[in-house]
Amino acid sequence: MHNSDPLIPKVGTITDVRIDTPDVKTFRVLTPDGKKAFDHMPGQCAMLSIPGVGEAMFSITSSPTNTEYMEFSIKKCGCVTEWLHQAEVGQQITIRGPYGKPFPVDTVFRGQDMLFIAGGIGLAPLRSVINYCRHYRDQYGKIDIVYGSRSKDDLVDYKEIIDEWCNDDGINVHLTIDNPQEGWDGHVGFVPNYVKELGFSTDKTAILCGPPIMIKFTLQGLVDLGFEKTQIYTTMELKMKCGVGKCGRCNIGAKYVCKDGPVFRCDEIDELPDEY
Amino acid sequence: MQRVTRDVLVQKAISLLSAGTVDRVLGWKAGEFSYDVTPYVFKDAEALKADFVFDDFCGANFSKYLVKECGKSEGKVLVFLKPCDTYSFNQLLTEHRFDREKVYAVGIPCDGMADITKIREKAEGISEITAEGDGFCVKTLYDGDVKLTKEEALAERCLNCKSQKHVAYDELLGEEGEVIDSGRFTGVEALEAMTPDERFAFWKGELSRCIRCNACRDVCPACTCEKCVFDNPKSGVENKAIADSFEEKMFHIIRAFHVAGRCTDCGECSRVCPQNIPLHLLNRKFIKDINGFYGDYQAGEEAYSRAPLVNYTTEDIEPADAVKKGDGENA
Amino acid sequence: MRKISMDSLSALFEAISGTMPLFLPVDGKEGASYKKWEPGTEYSKALNTNKSAKDFFFPQVENMMAFKTEGKNIEVLDLKEDVGPFAIFGVRACDLASFSILDRVFLSDPVDSFYKARRDNAVIISVACSRPQETCFCSAFSIDAAAPGGDVECVMADGMVYLEAKTEKGEAFLKNLEAVTEASDERAAEAEQAKIRERIEKLPLANLSTDAFGGGKTMEYFNNPLWDELSANCLGCGTCTFVCPTCQCYDIKDYNTGKGVQRFRCWDSCMYSDFTKMAHGNIRNSQKERFRQRFMHKLVYFPENNEGIFGCVGCGRCLAKCPISMNIVKVMKTLGGADNA
């Protein structure tokens with residue numbers, strides 16, 4: 001009949017489920033006729049739902065340059081995510097989007113040296129940007145990726161990081177885990193401290209994503225290293241229902257995270273009230 | 001029953017503050033108009049002198065506020081309690097909902113509070129309301145002075161007042177009153193006289209107006225759960241969710257069951273309902289039935305008393321007899 | 001301009017009802033509320049309805065879609081109802097102004113098609129407020145209760161109703177009513193409008209000022225210590241939000257009917273504890289934060305995003321309905337400082 005309202009979703013089929021960590025799985029989603037549900041840009045999100053369970057917003061983990069499918073790396077933490085974690089290949093869900101403002105990958109980021117800093121599931125939105133930059137490699141400068149998690153087992157997309165990112169020219173991957181662990185000969189320590197230890201030059205654009213406490217300390221660390229907040233981007237996450245700036249709950253001051261975000265430049269966040 | 005004046009209350013509050021007996025005063029703050037007083041915590045004499053009010057619109061029952069207020073400071077809070085408020089006060093004590101040691105309760109006589117919704121039915125564009133003789137004089141913007149009798153202006157709960165006696169206080173101002181043999185069950189009897197179909201139609205009409213604002217629950221002194229089931233998104237019966245009209249009815253009936261035996265009949269639920277639903281009738285039906293089944297019992301009359309519904313005796317009515325008795329009364 | 005005598009209003013209503021369903025304020029136990037006109041239905045004399053008129057376009061609850069699930073498969077069924085033309089008589093200036101505020105939310109990109117369908121199909125007949133009440137403060141938001149607008153604007157004076165078309169839709173609508181109305185000049189209506197404006201100037205809240213508020217003032221007010229005492233005794237109920245003509249926050253929820261899942265939208269309230277609650281926390285844990293959100297939204301955030309237009313129309317419902325008589329006027333006077341003393 002209508003099928004025209006932004007709140008009415010499409011059907012999506014889970015075509016692959018990858019176990020990333022004990023509490024993170026990556027789901028590949030296609031429409032029933034085998035296409036991507038819609039096009040997006042890095043940093044944008046989608047509303048996934050299971051009828052009768054609920055609808056929730058997730059960042060799209062795959063890069064737009066992946067023309068075959070979309071992926072979502074999802075950590076088990078609430079009703080919808082718990083249900084998704086027991087879903088099998090072939091299960092249908094609903095999907096609508098894309099939502100939010102993406103990272104300025106084709107404007108501000110062009111020609112820049114990029115510094116990606118992620119903690120835990122915070123890699124999910126960054127993976128989309130990282131793979132976009134890898135795809136258009138000549139458009140971007142040197143790429144540094146600092147990624148940390150509680151343990152080796154909690155590193156999301158570990159295989160892709162090791163097999164692909166680490167083998168690319170001009171990409172330096174710096175992994176760290178919170179505590180020493182058998183079979184891990186890499187760096188041990190929290191992300192903010194590791195960033196300080198690595199001591200990056202300030203001629204880069206930095207993108208932060210992770211738990212609020214990690215963002216807070218890493219941001220301060222970068223500022224201490226001499227970065228301007230205008231050089232640093234991050235993403236925000238608040239409760240959302242509509243995704244289109246109307247249901248009224250994801251605002252921070254006059255900004256709605258669903259449509260004015262989720263990507264914010266850190267100096268913009270300073271202009272917002274402390275309610276996130 | 002002579003009401004004490006606002007000035008007496010202000011003086012009492014200031015003397016208790018300056019003596020260090022209390023460090024703050026829970027009272028009524030004057031609003032924009034004659035009738036829109038707001039519960040307010042006064043901290044000093046200046047604020048009391050400027051904004052404290054006690055008049056015909058101080059209906060708010062402060063007992064429930066003590067649950068939150070007692071946690072805010074190490075000192076005592078002064079609370080003014082009307083007779084009906086003291087029943088809620090005792091009931092909350094019985095349920096261990098606030099620290100008695102942190103409260104200084106001053107009982108104040110009450111001869112009934114006005115109901116602005118009722119007054120609005122008789123007078124539009126209200127510029128001032130003053131007590132006059134046994135009734136009220138309402139100055140209006142367009143119709144001159146409108147005189148209202150007590151019956152026309154007082155809240156239903158006050159016209160059917162159950163008690164002018166304070167059942168709890170540290171200090172009493174003015175005269176003590178008596179428990180009143182009120183006609184408060186007349187409304188319930190009228191409902192009982194209906195056929196089940198008529199009664200269903202009555203409640204359907206009343207409850208279908210519910211907008212699930214939850215004001216009745218939020219104001220109710222018997223509703224002090226730390227987390228209400230209706231605020232739990234996982235309950236399937238969450239606050240604003242109206243999946244069908246039946247749910248609204250269930251909300252009020254579940255709530256009435258939950259407060260049964262604990263409801264003191266303070267009437268705050270009906271006072272705050274923005275849709276004028278006579279919610280107190282549900283609670284009064286329970287009170288009337290409990291009286292009939294177990295003998296007269298008034299929740300809050302005595303602190304720490306054992307209510308019939310939480311006290312088993314061998315004389316308790318058998319469930320089957322209760323059903324019969326209920327049916328018999330309703331026939 | 002057309003006119004009809006107050007005594008013949010039922011003939012007007014009957015004529016309208018002949019072409020489309022007509023809704024108008026009718027007295028009931030809760031005060032006045034909008035009901036569908038049927039022969040014998042009496043138009044309420046109350047100044048305004050107990051609940052606002054937003055329900056016509058943004059109902060408290062509406063089913064949006066259903067899901068048919070079979071094994072792992074899902075089918076999405078659109079439940080949007082086809083809406084036909086309907087008329088609303090008796091909308092006051094404040095509620096009418098609230099529609100343009102709601103439009104800014106629901107009709108901005110991406111358009112909410114559920115809202116739009118109803119909005120497009122409505123013919124709105126406003127009525128000027130001959131007797132504004134003590135709780136009215138629409139003039140603070142530059143709303144003229146003497147000339148509310150809409151598709152057709154009515155002014156009632158000396159036992160007559162004067163009707164003037166304000167839009168093309170209104171012109172066509174009035175043309176259809178020529179059999180029951182007669183032509184009139186503007187004098188009587190204009191004289192009444194002048195009187196109304198005099199009455200408005202004398203209202204107790206006539207001098208309420210919005211000057212202290214508006215976009216760009218987030219940081220000026222957000223950390224104001226006065227929020228603590230303003231919100232201290234807020235019950236956290238949703239009365240103010242639900243009777244408010246401009247509050248439009250909503251929730252989307254699923255309901256298992258036993259025969260399948262329906263997804264519905266219902267009013268939500270920023271006053272509720274779970275409004276911003278997520279699996280891993282809540283950004284507004286105290287009632288102060290929730291209370292602040294409601295008023296900041298109306299007085300600062302909304303104007304910031306909407307060319308200075310405030311998210312309040314001064315209808316006064318929250319003044320009449322709040323269980324503790326805390327409301328936007330008290331907030332404006334407390335926070336607004338000298339401007340509003």
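Buried residues make up 40% of the 331 residues in chain B. The model is predicted, and the values given here are computed from it. In chain B, 67% of the contacts with a separation of 6 or more are between residues 24 or more positions apart.

**Chain B as a whole**

- Chain B contains 14 helices and eight strands.
- Its radius of gyration is 21 Å, close to the 20 Å that the globule rule gives for 331 residues, so chain B is as compact as a globular protein of that length.
- The C-alpha trace of chain B spans about 60 × 50 × 45 Å along its principal axes.

**The sheet in chain B**

- An open sheet in chain B is formed by five strands, in the order S2-S1-S3-S4-S8, with mixed pairing.
- At the edges stand strand S2 (38-42) and strand S8 (171-172) of chain B; each has a single partner strand, so one side of each is left without a neighbour in the sheet.
- Strand S3 (residues 77-81) and strand S4 (residues 103-107) of chain B are paired in the parallel sense, over five bridges.
- Within the sheet, B:Leu81 is placed opposite B:Gly107 of S4(B).

**Domains of chain B**

- The domain assignment divides chain B into domain 1 (6-114 + 163-172), domain 2 (116-153) and domain 3 (186-330).
- Between the C-alpha centres of domain 2 and domain 3 of chain B the distance is 32 Å.

**Domains of chain C**

- Chain C has a domain 1 (2-201) and a domain 2 (218-340).
- The C-alpha centres of domain 1 and domain 2 of chain C are 25 Å apart.
- To the contact between them, domain 1 of chain C gives 31 residues and domain 2 of chain C gives 26 residues.
- On the side of domain 1 of chain C that touches domain 2 of chain C, strand S4 (61-70) and helix H2 (93-106) of chain C are the elements that give two or more residues.
- By class, that side of domain 1 of chain C has 18 nonpolar, seven polar and six charged residues.

**Helix H1 of chain C**

- Helix H1 (residues 9-17) of chain C has C:Leu12, C:Phe13 and C:Ile16 as buried residues.
- Seen down the axis of H1(C), the buried residues fall within an arc of 95°, so they line one face of the helix.
- As a general point, an α-helix has 3.6 residues a turn, so residues three or four places apart point the same way.

**Contact between chains A and C**

- Chain A places 35 residues in contact with 39 residues of chain C.
- On the side of chain A that touches chain C, strand S4 (54-59) and strand S6 (92-99) of chain A each supply at least two residues.
- By class, this side of chain A has 15 nonpolar, 13 polar and seven charged residues.

**Backbone details**

- Most residues other than glycine have a negative phi, and most peptide bonds are trans.
- A:Gly97 and A:Pro98 are joined by a cis peptide bond, with omega about 0°.
- A:Pro98 is part of strand S6 of chain A.
- A cis peptide bond also runs from A:Gly261 to A:Pro262, where omega is near 0°.
- A:Pro262 belongs to the loop between strand S14 (255-256) and strand S15 (263-265) of chain A.
- B:Asn214, a residue other than glycine, has a positive phi near 70°.
- In chain B, B:Asn214 is in the loop between helix H9 (196-207) and helix H10 (215-219), and this residue is buried, with 27 other C-beta atoms within 10 Å.
- C:Glu307 is not a glycine either, and its phi is positive, about 50°.
- In chain C, C:Glu307 is in the loop between helix H9 (287-305) and helix H10 (317-321).
- C:Glu307 counts as exposed because it has 8 C-beta neighbours inside 10 Å.

Conventions
Residues are numbered from 1 along each chain as its sequence is written. Chains are lettered from A and ligands numbered from 1 in the order in which they are written. This is a predicted model: local features need pLDDT of at least 70, side-chain atom pairs count only at pLDDT 80 or more; totals for chains, interfaces and linings use all residues. Two residues are in contact if their C-beta atoms, placed from the backbone, lie within 7 Å. Helices (H or I, at least four residues) and strands (E, at least two) are DSSP runs, numbered from the N terminus. Ala, Val, Leu, Ile, Met, Phe, Trp, Tyr, Cys and Pro count as nonpolar, Asp, Glu, Lys and Arg as charged, and the others, Gly among them, as polar. Two strands pair if DSSP finds at least two bridges between them. Domain bounds come from an automatic or database domain assignment. A residue is buried if 20 or more other C-beta atoms lie within 10 Å of its own, exposed if 12 or fewer, and partly exposed in between; C-beta atoms are placed from the backbone. The arc is that of the directions from the helix axis to the C-beta atoms. The radius of gyration is taken over C-alpha atoms; the globule rule is 2.2 Å times the number of residues to the power 0.38.
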